[in-house]
Amino acid sequence: MRAAALPLSLFAAVLLSGVLSGAPALAQGDAIQKQFAELYQAATKEGEVIYYTDGRQDEAQRLSDYWKANFPGVNLRIVPKSSPALIAQIETERAAGQHRVDASHMSQPYVAALWKQKGFYQPYRTASFERLRPDNADADGAFYTPDVYVLPAAYNTNVFKDKAQLPTGLKDFLDPKWKGKLVLADPEVSGNTLTFLMTMLATGRLDWGMLAGLAKQDILFVRSNPDSVRMVASGERALSPMISSFNIMTARLKGQPIDYYVLGEGSVVVQSLLGLMSDAPHPNAAKLLLEVLTSPQAESALSQGGVFWPAHPDATPVGTLPALADLHPISSAPPSPADAANIQAFLKQFKTVFGRQ
């Protein structure tokens, strides 16, 4: 699965409003139930579907409300976890011969590639398979990308009233004037930072010499992108070469003084991975969930207003986000089981360069 040829006319999706109010909600429910009537009937006999997801609480609530409005005969049990915790739990359960989860959603592509190799996924081609492939659907239907976000630079809008003062490329962050003013989520624990740095290195937009220069800049390493947002928004650190767009935009919606901008190198696209688990306890309900989450109707309704870009090319282009093409998207390499070894090699060299041995 590649991110390079993502549909570039996508915008942010709408909020649930009409879907969850009055007659329009019933009309939407009737239409989508009819589309998946056979699966819905089979799913009602199973009664529920168990979904592990790394989405935030507001995303889980949005999905729960949408599901109840459209598929009241099947209980959707959402188990929210961070990607590392979700991955660890599923791998622990599988090692014990347990199959408790029907479908999963997380943001570690190389893990999805490993899980496919290990047989953790049950390949399934949804009705949207051909519309999502090759960029947002695994060739065999093992996993899908329902939405994407990007990894731009970020700054405190109170500190930088004039964007012309900001560094315009990665090399500019090596200027001594930025020493002690930068924050970055630690790549040892942050998948987004790991994806950003490895993609920039792989595409020649960054090299180890530049990283050695950054090591002299007294960067504050924090555990996560939300922590980076807090550091920038509070003014404790003025800017960051990379914070995930959905964390920046979520903070902006809350009125915090932070914004994103695109460096000359461009912004890395991050894909989330959705898959049907093999030996799912509720297989028909799990298939229904995948059908819904990869449909243009649900992607339009469930994508965060001003936070995520829906991956389906037919999803409703309504919202406040710019066109993805305007952010000069950079694709990550297709996920591979070999990525695990590459990541360990990168982290070893990273620790050496930054004196963290």
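1. Let's begin with a term. On a 1 Å grid over the protein atoms alone, a pocket is an open set of points where a 1.4 Å probe fits, with protein on both sides within 12 Å along at least five of seven lines; its lining residues have an atom within 4 Å of a point. A volume is the space filled by probe spheres set on the points, which are joined across faces, edges and corners.

2. A word on the model: it is predicted, so local features need pLDDT of at least 70 and side-chain atom pairs count only at pLDDT 80 or more, while totals for chains, interfaces and linings use all residues. Residues are numbered from 1 along each chain as its sequence is written, and side-chain values use heavy atoms, with hydrogens and water left out.

3. Now the overall picture. The protein has 13 helices and 13 strands, which are DSSP runs (helices H or I, at least four residues; strands E, at least two) numbered from the N terminus. Of its 357 residues, 54% count as buried, meaning under 20% relative accessible area with a 1.4 Å probe and protein chains only.

4. Which residues lie nearest the centre of the largest pocket? They are Ser82, Ser83, Pro84, Ser107 and Asn192, out of 44 lining residues. The space in this pocket is about 1100 Å³. Elements that give two or more residues to its lining include α3 (57-70), α4 (83-95), β4 (147-151) and α13 (339-353). The lining divides into 17 nonpolar, 16 polar and eleven charged residues. Here Ala, Val, Leu, Ile, Met, Phe, Trp, Tyr, Cys and Pro count as nonpolar, Asp, Glu, Lys and Arg as charged, and the others, Gly among them, as polar.

5. The second largest pocket has a volume of about 610 Å³. Its lining has 30 residues, with Met198, Thr199, Ser332, Ala333 and Asp339 closest to the centre. Helix α7 gives the largest share of that lining, eight residues. By type, the lining holds 17 nonpolar, twelve polar and one charged.

6. Finally, look at how α3 packs against helix α11 (residues 283-293): the angle is about 110° and the axes are 13 Å apart. The axes are lines fitted to C-alpha atoms over the stretch in contact, and angles run from 0 to 180 degrees between N-to-C directions. That makes α3 roughly perpendicular to α11, a label for angles of 65 to 115 degrees. Leu63, Tyr66 and Trp67 of α3 meet Leu288, Leu289, Val292 and Leu293 of α11, where contact means heavy atoms within 4.5 Å. These contact residues divide into seven nonpolar, no polar and no charged.

Conventions. Angles under 35 degrees count as roughly parallel, over 145 as roughly antiparallel, 65 to 115 as roughly perpendicular and the rest as oblique. Buried means under 20% relative accessible area, exposed over 50%, partly exposed in between (1.4 Å probe, protein chains only).
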